[in-house]
Amino acid sequence: MEINSSPSLSQKQKLSRQLPDWLWYLIAKSLGLKLHEDDKPILGTLLYSLTLASAFGYFLSNCWFATFDIVSEESKTTVIDGTMSVLYSIFWGAFGMYGYSLASRLYSQRSFMNMLRLHSKSVFKMNTSVLIFLLMFLFVLCDDINAYESFKDKTCQKVGASVLICKVSYISRVVFSIFSLVWNYMVAFVVVSICRTHTISIRRFMQALEEDGRIYETKKLCIKKANQAVLEEYVWLDEKYFTDLHPINRSRASSFIQQN
């Protein structure tokens, strides 16, 4: 008795390729990861130092300005407002530094790197990783534009502080926001890619179970099922589902039936 294969098996797509060598080399050097035992993380150390220096520069200059802003009679800023501004700089700095630390740990794990793929999963017809980067970039851009008033001389002159404080604060803020964007996007890229890889693997496994059951029922119980995959009745499938699956290994399923 012939076994009618599911229509989904006729649609094939190979697993997405891994990171290109040049991209992995750039990421490793930026994070200070050693590709060889004799490698010296010069670039990684430099970028980390710039990230840390810009974070401290923004924090210290913001604290200095907040002190003048609270004390000045020309400003309506209260102690609560100044404290929240300082806490914001602390949170923003910690967020960026944690992003660098987490990215270093993720990209240094061999198990994660084996699952890291350049998937073409899309949202609203746009690549997911590109969409995430655009959203993060827009957030950083709007935040820096909103804070541009602090760069002007009149902002510091109004509260009696040195103009240099406003310049250092805003420049440090912009520089650190760029580093924070890059490090946290690296983390987001790993999370999205690995989740997609696991999703594809789970779907393959479920398809393999379904095909094994179809062959078993046909050979042993003489029950011939319809061509429609049973999995489609119980799982929410998107347009990428069928292209994520490889053909089922029928020899493995046949050997299972023969053993029983």
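This is a predicted model: local features need pLDDT of at least 70, side-chain atom pairs count only at pLDDT 80 or more; totals for chains, interfaces and linings use all residues.

Biologist: Where is S54 found, and is S54 buried or exposed?

Modeller: S54 lies in helix α2; helices (H or I, at least four residues) and strands (E, at least two) are DSSP runs, numbered from the N terminus. With a relative accessible area of 6%, S54 is buried. Buried means under 20% relative accessible area, exposed over 50%, and partly exposed in between (1.4 Å probe, protein chains only).

Biologist: How should I read the packing of two helices?

Modeller: Two packed helices are described by the angle between their axes and the distance between the axes. Here the axes of α1 (residues 21-31) and α2 (residues 42-71) come within 5 Å and cross at roughly 55 degrees. Axes are lines fitted to C-alpha atoms, for helices over the stretch in contact, and angles run from 0 to 180 degrees between N-to-C directions. The two helices α1 and α2 are therefore oblique to each other: angles under 35 degrees count as roughly parallel, over 145 as roughly antiparallel, 65 to 115 as roughly perpendicular, and the rest as oblique.

Biologist: Which residues make the contact of α1 and α2?

Modeller: K29, S30 and L31 of α1 meet L43, G44 and L47 of α2.

Biologist: How is a pair of aromatic rings described?

Modeller: One gives the distance of the centres and the angle of the planes. Rings of Phe, Tyr and Trp (its six-membered ring) pair if their centres lie within 6.5 Å; planes under 30 degrees apart count as stacked, over 60 as edge-to-face and the rest as tilted. The whole structure holds 13 aromatic pairs. One of them, F133 with F137, is stacked, at 6.3 Å centre to centre and 15 degrees between the planes. Because F133 and F137 are four residues apart in helix α5 (residues 128-146), about one helical turn separates them. F133 is partly exposed at 32% relative accessibility, and F137 is partly exposed at 38%.

Definitions and conventions:
Residues are numbered from 1 along each chain as its sequence is written. Side-chain values use heavy atoms; hydrogens and water are left out. Contact means heavy atoms within 4.5 Å.
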